[in-house]
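Let's take a friendly walk through a protein model together. Have a look at the picture first, and then we will go through it piece by piece.

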Amino acid sequence: MSALLGGLVNLLAGIVFALVASHSDSESAAATIRTLARAEASKIALIVLQFWLVLTTYKEVVPLFFFATFVVTVLLSRMALFASDI
């Protein structure tokens, strides 16, 4: 359960980032940067909130599995940038 929650933290944060970034009617480069900054801030805030919720409410959490799965999902999502189109 701890590993599942660790993965969900990053997954849900990524979804929020995509939603915030997609609801943009940016017409300039500056507006696009502001939108991306707002999306990234939303993602980080949600990650912090979810960490706090899991660690304070789920008493049987195994921190090693929780954080390890979170780190793995973060790294995997970043590695997607290096994947080539097939």
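Predicted model: local features only at pLDDT ≥ 70, side-chain atom pairs only at ≥ 80, totals over all residues.

Residues are numbered from 1 along each chain as its sequence is written, and side-chain values use heavy atoms, with hydrogens and water left out.

Which residue does Lys43 meet in a salt bridge? The partner is Glu40, at 3.4 Å from N to O; a salt bridge here is a side-chain nitrogen of Lys or Arg within 4 Å of a carboxyl oxygen of Asp or Glu. Side chains of opposite charge can pair when their charged atoms come close. Lys43 and Glu40 sit 3 residues apart in helix α2 (residues 29–57), so about one helical turn separates them. Helices (H or I, at least four residues) are DSSP runs, numbered from the N terminus. Glu40 is partly exposed, at 30% relative accessible area. Searching the whole structure turns up 1 salt bridge.

Now let's see how α2 packs with its neighbours. The axes of helix α1 (residues 2–22) and α2 come within 8 Å and cross at roughly 155 degrees. Axes are lines fitted to C-alpha atoms, for helices over the stretch in contact, and angles run from 0 to 180 degrees between N-to-C directions. The two helices are therefore roughly antiparallel to each other, a term for angles over 145 degrees.

On to the next pair: the axes of α2 and helix α3 (residues 63–79) come within 12 Å and cross at roughly 160 degrees. That makes α2 roughly antiparallel to α3. Here Lys43, Ile47, Phe51, Val54 and Leu55 in α2 meet Phe66, Phe67, Phe70 and Arg78 in α3.

Finally, visit Ser2, which lies in helix α1. Ser2 is buried, with a relative accessible area of 5%. Leaving aside neighbours within four places in sequence, Ser2 is in contact with Tyr58, Glu60, Val61, Val62, Phe65 and Phe66.

Note on methods: Buried < 20%, exposed > 50% of the residue type's maximum accessible area, 1.4 Å probe, protein only. Parallel < 35°, antiparallel > 145°, perpendicular 65-115°, else oblique. Contact = heavy atoms within 4.5 Å.
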